[in-house]
Amino acid sequence: LDRASRSIIVAWFVPAFLLAAVSCAIFICNGYSLKNFTLVQSPSMPVGSAAYAVNVDLPNRAVWFLGGWTSATSSFKYVIEENAFESLPALPYSVSLHSNGGSVSVNSVVYFNALIASEYQIGSFDTQTGLWQYPLSPALPIKLSSSCMATDGRFVFVIGGWWTRVYDDKNPINAVSDTQVYDTMTNEWLTDIAHNQLNEVRGDAVCTYYNGYVYAFNGRQGHYAWLNSIEKLYVGTDTSNVRNVLSASTSQWQLLQAALPFSRWGFAAVQCLESVEPHLIYLVGGYSGARGAYLSDVEIFDTSDDSVSHAPFTLNMARRRHAGA
């Protein structure tokens, strides 16, 4: 089907909306709405929160939600076939994420950048065995908050972030441009890749991987310095060669000409890899400093030509720091 003929279904049995486009469903869950930070909790959700760590379990047709901003020890899953939420035992740690892009899943393991015991680090949780590891060993070389994360199915890319996290105009947030990469097979952080710096420092960005490229969308450079730019880094499709690609002196982030219509952060980036258009990335909701408003807008980034278009549908409710899957 072409983009114009895809059917759009708006429904409340999924926390925010369901986009139907040939075996594709996008779930947008909870978050904050309006400027008074009202927490959004949709019907049937076990608990309301924001900025979850999310794991899409396709073999078992389920979506896992771990931790969050306000209910950081909660965990539950949405069973797609039953259209129902199932509460799970409380997490042994308080997983307080500070960025929508701060988690990825490799098979059954969720990796997340979170605040645990007053320290920002990378941790992991195996949704099948219940095994926790926090921090990862070896630990993240540079301790940052609000980094965005992406994965190619083996490597976990930790991109940008903040040196400090202070909500005070007198203490600006220090965004960074670092790229850190963890190999889930060998359990090590890659070295000799320090030259892979973003063109623009950014924290609270959202990152994804598709077809050999890692993409970094928008983010913030400080309290009132919002971005609408997009960057991409070539890592290749052969996971056995990623280390060589990134260690090459020619490896570098590319700042794209395409940009979102306005700056935003706290949004969700979701892909439909099993649909007829797996190359599309949906950028959903968030907060725009330029517009001074929470967003219900959805933009579509097309990786085939690095273009951005406005989707013909929106969220039912404007929100930020929501979970997306």
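A: Let us begin with how elements are named: helices, of at least four residues, and strands, of at least two, are DSSP runs numbered from the N terminus. In this predicted model, serine 251 has its place in the loop between H1 and strand E20 (254–259).

Q: Why is serine 251 called buried?
A: Buried means under 20% relative accessible area; serine 251 has a relative accessible area of 8%, and therefore counts as buried. Setting aside residues up to four places away in sequence, serine 251 touches His195, Asn196, Leu233, Tyr234, Val245 and Leu246.

Q: What makes the pair of serine 251 and asparagine 196 a polar contact?
A: The side chains of serine 251 and asparagine 196 are joined at 2.5 Å, and the limit for such a pair of N or O atoms is 3.5 Å, with one atom able to donate a hydrogen and the other to accept it. The value of 2.5 Å is within 3.5 Å, so the term polar contact applies.

Q: Why is glutamate 86 called partly exposed?
A: Glutamate 86, which lies in strand E7, has a relative accessible area of 36%. Leaving out neighbours within four places in sequence, glutamate 86 is in contact with Phe76, Lys77 and Val79, while its C-alpha atom is separated by 9.0 Å from that of serine 75, 11 residues apart along the chain.

Q: How do you know that strand E6 and strand E7 pair?
A: Two strands pair if DSSP finds at least two bridges between them; strand E6 (residues 75–79) and strand E7 (residues 84–87) have 4 bridges, in the antiparallel sense, and so they pair. Valine 79 stands opposite alanine 84 in E7, and the hairpin has 4 residues between the strands, with asparagine 83 taking a positive phi near 50°.

Q: What makes strand E21 and strand E24 edge strands?
A: The open sheet consists of 4 strands in the order E21-E22-E23-E24, with antiparallel pairing. Strand E21 (268–271) and strand E24 (307–310) each pair on one side only, and are the edge strands. The twist averages 25° from one strand to the next. Strand E23 (residues 293–302) pairs with E24 over 4 bridges in the antiparallel sense, and aspartate 302 stands opposite serine 307 in E24.

Q: Which residues touch the most other members of the largest nonpolar core?
A: That core has 19 residues, of which Phe157, Ile159, Val181, Val214, Val235, Leu246 and Trp253 touch the most other members. At least two residues each come from strand E13 (148–151), strand E14 (155–159), strand E17 (206–210), strand E18 (213–222) and helix H1 (242–247), and E14 gives the most, with 3 residues. A second, separate core of 12 residues includes Val106, Tyr111, Leu140 and Val156.

Q: How do you know that serine 124 is buried?
A: Serine 124, found in strand E11 (residues 119–126), has a relative accessibility of 6%, and because buried means under 20%, serine 124 counts as buried. Apart from neighbours within four places in sequence, serine 124 is in contact with Val109, Val110, Tyr111, Phe112, Leu131, Trp132, Gln133 and Leu136.

Technical notes
Residues numbered from 1 in each chain as written. Predicted model: local features only at pLDDT ≥ 70, side-chain atom pairs only at ≥ 80, totals over all residues. Heavy atoms only, no water. Buried < 20%, exposed > 50% of the residue type's maximum accessible area, 1.4 Å probe, protein only. Contact = heavy atoms within 4.5 Å. Axes fitted to C-alpha atoms, helices over the stretch in contact; angles between N-to-C directions. Core = buried A, V, L, I, M, F, W, Y, C linked by side-chain atoms within 4.5 Å.
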